[in-house]
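Dear colleague,

I am passing on to you the structure shown below, together with an account of what was found in it. Please read the notes with the structure open beside them.

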Amino acid sequence: MLLKAASQSLTEQLAGRFAERIRNRLLASGSRLPSVRQCAQQQGVSASTVVAAYDRLLAQGLVEARKNRGFYVREVAVATDTRAQSAMNLVATAKPSTGFQPQHNPVNATALIRGMFHGSSDKAQPGMGVFPMDWLETSFMPAAVRRVTSARALQEFSLNYGEPAGDSGLRQALSKKLASLNIPAAPEQIITTVGATHALDIVSRTLLRAGDYVMVEEPGWAIEFARLAAMGMRILPVPRRADGPDLAVMARYCEVHAPKLFVSVSVFHNPTGYCLTPGSAHRVLQLANTHNFHIVEDDTYSHLAPEHATRLCALDGLQRTVYVSGFAKILAPGWRVGYLAAPPELVERLLDTKLLATLTTPALLEKALAWCIDQGQLRRHAERIRTRLDIARARSVKLALAHGCSFAAEPAGLFGWVETGVDTDALAQRMLDEGYLLAPGALFHAARQPSTLMRINFATTQDAAFWKVFARLRDGMK
């Protein structure tokens, strides 16, 4: 809120607010600032105040004025790495003959990451991709760490690099866990990583080379689009439907581009919440066998799903599939413990890639996590989280519907895919002024394009106060 009695003038306050967001990448490179008239109305100031504030941003080199188009965040303002940016442009070259052709600039995924963890206010954040901290508080995690850090034990595994593939005890525990999901993975087929994102990166760097085509579900995780593009891959967005990926589009991609990899979230897909059906899964595997590509299945939300949920790796038996998961979402984001399970013939190649990047992974946290799994603590914790999430989801859905929203996908899992009726990029900037971080729909596409959808976190959208602010600002845009 701009204050007339503050030590800074209204112009200084407004310019400072935009400058902070640009430097913290809450406003991505190339994004458009509100028009002078819109900004004046939003902030309750005169047009001359807005013009003066924008002039200050121009002088600081943070924005640029485009004739008859308005003010835009300058590319250099956020010091984008030029090599990564040029790689991102490869997204636009992956134009299949299926009608799905990127028409806009790629999403700046680093803006999403910085925004998600910026901590803009102490309010519950609907755009966050994690559970609230109080949901994750446990007594068994500190106990697990204390257990593995006795003086003798700590010295034993702190004075050497540990096992290249990861702690053997954890890999044995993970093998048993995967067996409960009908995924046959011996401990020797499992490699621990620094979170699930690191596991995805290891798979990509092992199986792909710059210029290769990769199929990725859309809408999907913005960071995955950006990560692959930054590596020089050519992204082929596959529309995600309720039953699974669009098989006709996948088949055309296979005929035209011979992709090397398909990246999929089978269970509680982000952002839609969709779960793969058995029929769709079988046809995806048939395509993989016919056209000789691998599949990496990101099962980040496995702890929230029933064990009988359809997974490609279970049907395939880890032949053409690689399984990826982690514990950041359900247990300890700061521990950064993830893992992958792969076909035997790929394990050594994947391990080489891990060793070149990180050598080994922290044995202390892996040993503590193994104890949590073996003692049943993780299972019981996940059950409590699922129960709490079911209650939160019901409450959030009721509030969303009551405030004029609808759901583009049946609410399930952690996220809701919500239709708002307005441009959610513009709405997100207005909500930031109120202390709320949104995840606009454009972030979940390989190429940025206007969207009226947004992703909400059911755990952080139970507050009626948020929905009242949302409805007021949304209605003001109509």
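**Backbone features in the loops**

Asparagine 68 lies in the loop between strand E1 (63–66) and strand E2 (70–73). Please bear in mind from the outset that this is a predicted model. The phi angle of asparagine 68 is near 60 degrees, a positive value in a residue other than glycine.

Proline 219 belongs to the loop between strand E4 (213–218) and helix H11 (222–230). Another joins asparagine 270 and proline 271, and here omega is about 15 degrees. The loop that holds proline 271 runs between strand E6 (261–264) and helix H13 (278–291).

**Helix packing**

Two packed helices are described by the angle between their axes and the distance between the axes.

Helix H2 (36–43) packs with helix H3 (residues 47–59) at an angle of about 115 degrees, and their axes are 8 Å apart. Because angles of 65 to 115 degrees count as roughly perpendicular, H2 is roughly perpendicular to H3. The crossing of these two helices is right-handed. On the H2 side the contact is made by Val36, Cys39 and Ala40, and on the H3 side by Ala47, Val50, Val51 and Tyr54. By class, this contact of H2 with H3 has 7 nonpolar residues, with no polar and no charged ones.

The next pair is H10 and H15. The axes of helix H10 (residues 196–207) and helix H15 (residues 344–358) come within 9 Å and cross at roughly 115 degrees. That angle makes H10 roughly perpendicular to H15. Their crossing is right-handed. From H10, the residues His198, Ile202, Val203, Arg205, Thr206 and Leu207 meet Leu346, Arg349, Leu350, Thr353, Lys354 and Thr358 of H15. By class, the contact of H10 with H15 has 5 nonpolar, 4 polar and 3 charged residues.

The remaining pair is H18 and H19. The axes of H18 and helix H19 (residues 464–477) come within 10 Å, and they cross at roughly 130 degrees. This makes H18 oblique to H19. H18 passes H19 in a right-handed crossing. In H18, the residues Ala426, Leu427, Arg430 and Met431 meet Phe466, Val469, Phe470, Leu473, Arg474, Gly476 and Met477 in H19. The residues of this contact divide into 8 nonpolar, 1 polar and 2 charged.

**The cavity**

How many cavities of 30 Å³ or more does the count give? By the rule applied, the count comes to 1 cavity. The largest cavity has a volume of about 50 Å³.

Which residues line the largest cavity? The lining consists of Phe18, Arg21, Pro34, Cys39, Gln42, Gln43, Gln429 and Asp433. The elements that give two or more residues to this lining are helix H1 (10–23), helix H2 (36–43) and helix H18 (424–433). H2 supplies the largest share of the lining, 3 residues. By class, the lining has 3 nonpolar, 3 polar and 2 charged residues.

With kind regards

Terms used. Residues numbered from 1 in each chain as written. Predicted model: local features only at pLDDT ≥ 70, side-chain atom pairs only at ≥ 80, totals over all residues. Heavy atoms only, no water. 1 Å grid on protein atoms, 1.4 Å probe; cavity = no way out; pocket = protein on both sides within 12 Å on 5 of 7 lines; lining within 4 Å. Points joined across faces, edges and corners; volume = space filled by probe spheres on them. Helix = DSSP H or I, 4+ residues; strand = E, 2+ residues; numbered from the N terminus. Nonpolar A, V, L, I, M, F, W, Y, C, P; charged D, E, K, R; others polar. Axes fitted to C-alpha atoms, helices over the stretch in contact; angles between N-to-C directions. Parallel < 35°, antiparallel > 145°, perpendicular 65-115°, else oblique. Left-handed = near helix turned anticlockwise from the far one by under 90°. Contact = heavy atoms within 4.5 Å.
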